[in-house]
Amino acid sequence: MVEFGLKEYLAQEGRLIVQTQAFEFDSFPAMGERLLTLLSAKAVEKQQDADLHSWLIDFEGCRLMLRAEHYSECVWLEALGEGQSKEELDFIAGLLARGI
């Protein structure tokens, strides 16, 4: 069963939107950890705001942001800066396009 897929890849913006099942604000941490496990990535730092989870993650030595917004039920990965992490995001987009 596919848990995560690729909803949209905005390569020029350094952002990819992850297709997920519906989630609540309080249920995202378990889902986020599952996504990181499937990607063989680790959370370096986690922050919670009113309706947004922002995690700094390490994916094969590359730092990315994993964000999840409760009200829109949107989960996305993004580069830390413009033009950064393109190779890693391309790779993750390929994995998600096949479904993981």
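How many helices and strands does the protein have? The protein has two helices and six strands, where helices (H or I, at least four residues) and strands (E, at least two) are DSSP runs numbered from the N terminus. This is a predicted model, in which local features need pLDDT of at least 70, side-chain atom pairs count only at pLDDT 80 or more, and totals for chains, interfaces and linings use all residues. Residues are numbered from 1 along each chain as its sequence is written, and side-chain values use heavy atoms, with hydrogens and water left out.

**View 1. The order of elements and the overall fold.** From the N terminus on, the elements run β-β-α-β-β-β-β-α. The radius of gyration of the protein is 12 Å, close to the 13 Å that the globule rule gives for 100 residues, so the protein is as compact as a globular protein of that length. This radius is taken over C-alpha atoms, and the globule rule is 2.2 Å times the number of residues to the power 0.38. The C-alpha trace spans about 30 × 30 × 20 Å along its principal axes. Of the 100 residues, 42% are buried; buried means under 20% relative accessible area, exposed over 50%, and partly exposed in between (1.4 Å probe, protein chains only).

**View 2. The aromatic cluster of Phe23, Phe28 and Trp55.** Rings of Phe, Tyr and Trp (its six-membered ring) pair if their centres lie within 6.5 Å; planes under 30 degrees apart count as stacked, over 60 as edge-to-face and the rest as tilted. By this rule the count comes to three aromatic pairs. One of them joins Phe23 and Phe28, a tilted pair with 5.8 Å centre to centre and 55° between the planes. Phe23 is buried at 3% relative accessibility, and Phe28 is buried at 1%.

**View 3. Glu73 in the loop between strands E5 and E6.** Strand E5 covers residues 62–69 and strand E6 covers 74–79, with Glu73 in the loop between them. Most residues other than glycine have a negative phi. Glu73 has a positive phi, near 50°, and is not a glycine. Its relative accessibility is 37%, so Glu73 counts as partly exposed.

**View 4. Ser85 in the loop between E6 and helix H2.** Helix H2 covers residues 86–98, and Ser85 is found in the loop between E6 and this helix. Ser85 also is not a glycine and has a positive phi, about 65°. Is Ser85 buried or exposed? Ser85 is buried, because its relative accessible area is 14%.
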